[in-house]
Amino acid sequence: MAAPFYAWPWEFLGSYKYALYVIFLAKDVYTRFQQDRIKDSCILDTLKDSWILHIFILSMLRLIMYQLWTSYSNMLFLTRNSRIIKKGVDFKQIDKEWHWDNFILLQAMVASLVLYMFPTIGKHYVWNKSGFITTILFHIAISEPVFYTIHKCFHGDYLFSHYHSLHHSSAVPQAYTAGHATFLEHLLLMMVIGIPIIGTFLIGYGSLSVIYCYVLAFDLLRCLGHLNVEIIPYQIFEAIPFLRYIILTPTYHSLHHAEMDTNYCLFMPLFDALGNTLNRKSWKMHKKNCLNSGKNGRVPDFVFLAHVVDMSSAMHAPFVNRSAASMPYYTRIYAIPFLPITFLVMLAMWVKSRTFLISFYNLRGRLHQTWAVPRFGFQYFLPFAAKGINKHIEEAILRANRLGVKVISLAALNKNEALNGGGTLFVNKHPNLRVRVVHGNTLTAAVILNEIPEHVCEVFLTGATSKLGRAIALYLCRKKVRVLMLTLSTERFNNIQEEAPSDCARFLVQITKYQAAQNCKTWIVGKWITPREQMFAPSGTHFHQFVVPPILQFRRDCTYGDLAAMKMPEDVQGFGSCEYTMERGVVHACHAGGVVHALEGWTHHEVGAIDVNRIDLVWKAAIKHGLKPV
């Protein structure tokens, strides 16, 4: 059973918890609207004097601040070398911190209740310069020592194990982590933040600007303390040594999370110095982290080279919204108003940009990264854009080669046959590459083929002459499975048929119309088909697919497979974002194919046509290394 005041009282409401404050806001607006009808005054004139409205605005600003700093932490293309703790944020931490904003709702509700209990607080002043000095004095004289004492007490055996350990359970601090604590701790923190404001108002120096500035400054410093990115230059402290006792750095508080019997202060290390709890390594570590930010970090062993799919999914990135990125992608209604911003970013990236780091994770001592080519899916189908896209891909491969990356895997359209021959263009142009370039399609084919039940004796295949279509057809015909290959090109069909063993070629059948497959219940879709074309499939058909985007699930009397994918091994670390529509912990098969290539230490390139003879070998290697079919 949880300790008293451990859980939040509105936990059962989930995301509907925000309705609790909406009640206060709606009641205030309604009351003032009624008053205005009686007084015949303007509702806007009345609302601008509403404390409840200001509390709402301030709460929104606080939410935005924490979101922006968390986004900054996850902008690995800016922060990768300045990160203090090099680990990735995993799904477990994201889930634990999902309701990090509970404390903002708590403080907004308590402030609103106080206003209802003491309606005589009356009109507020917008500005009072004496209030700023008073607030700072209250903070230094009361809030800082009170927090220091409380924080130190919460590191005692009982309070730590029953309360504060929740906050320290986050392995990688980020701005959201500042709000990840128990109900009791945030009740006490509310007192700490409230003392300077209440004290300033009691002596008559209170104003709106004092509340806004103090609360937002308080949040800013809390965000910086948990940022896990060092942004304060060490030269400041060398020029003015006393400032190191006044200013909290991200390194300083990260040391508290690493060595929990030191660095207890709120924002001023002076109180740790007075309490003899200052970690003597604080300044040395701070300088070291600052100097390291100018150097390249660890070289990845494996790189998955992805690209942006479309305008909406562009927002499905950890640096945009960490929580949303940890779930499979779908179009979120609240994201639609931001589409114009995404469009402008796309234009800016088109004009000037380069491949950038999106995410990373660790697997068995190896660092795996995902880089993104700064191009959207539709741009790959513009003939005039092909040269520029290939240039970005080539530069990424050459950069990986210079760094010492072992394997780089091309995702989706980056290995398009018409664009670069499935990566052949780059390998032929640079024959001395040390980095292994792979398309991962061998494992993609293996995943699709292993989904097909053993009793199936006939399949219908669209996209039949593509790289994957060819490999699937040749593999199945060797298993004596009849393959109805939909293609209008007799020449390409004949070329594939000639590759089949002489006793198996008869199992490959060219067809040119969907009607020819109306009795086949196993469809393998490698080229997008419309709902009308799906109607030719008999009832009970299962649609396997390797087409992007996936086909519409139009038929209720049929079943649909997902895109070829595999679940990552259980010992993966720091994995905290979903690839497009994939479930948690699942990656596209071409990504998994690159991972297997790296884990096996294979030294050959995997570009161009798929080697059918290696399909079973790659599948067994994937299973051996703990990857699982989904």
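By the rule I used, a salt bridge is a side-chain nitrogen of Lys or Arg within 4 Å of a carboxyl oxygen of Asp or Glu. Side chains of opposite charge can pair when their charged atoms come close. Lys 406 sits in the loop between α17 (386-403) and β4 (407-410), while Asp 301 sits in the loop between α14 (282-292) and β1 (302-307), so the pair links parts of the chain that are distant, 105 residues apart. Helices (H or I, at least four residues) and strands (E, at least two) are DSSP runs, numbered from the N terminus. Searching the whole structure, I found 17 salt bridges.

I noted how the values are made: residues are numbered from 1 along each chain as its sequence is written, and side-chain values use heavy atoms, with hydrogens and water left out. As the model is predicted, local features need pLDDT of at least 70 and side-chain atom pairs count only at pLDDT 80 or more, whereas totals for chains, interfaces and linings use all residues.

Next I looked at how α7 (residues 129-153) packs with α10 (residues 208-225), and found an angle of about 40° with the axes 10 Å apart. The axes are lines fitted to C-alpha atoms over the stretch in contact, and angles run from 0 to 180 degrees between N-to-C directions. That makes α7 oblique to α10, since angles under 35 degrees count as roughly parallel, over 145 as roughly antiparallel, 65 to 115 as roughly perpendicular and the rest as oblique.

Which residues of α7 meet α10? I listed Gly 131, Phe 132, Thr 135, His 139 and Ser 143 from α7, facing Ser 209, Val 210, Cys 213, Tyr 214 and Phe 218 from α10, where contact means heavy atoms within 4.5 Å.

I then turned to the UniProt record, an unreviewed entry, whose "transmembrane region" annotation covers several stretches, including 51-69 and 187-217; such annotations may be inferred rather than shown by experiment. Residues 51-69 are 100% helix and 0% strand, with end C-alpha atoms 27 Å apart. Residues 187-217 are 84% helix and 0% strand, and there the end C-alpha atoms are 19 Å apart.

Last, I checked backbone angles and found that Phe 5, although not a glycine, has a positive phi of about 60°; this residue lies in the segment before α1 (19-39).
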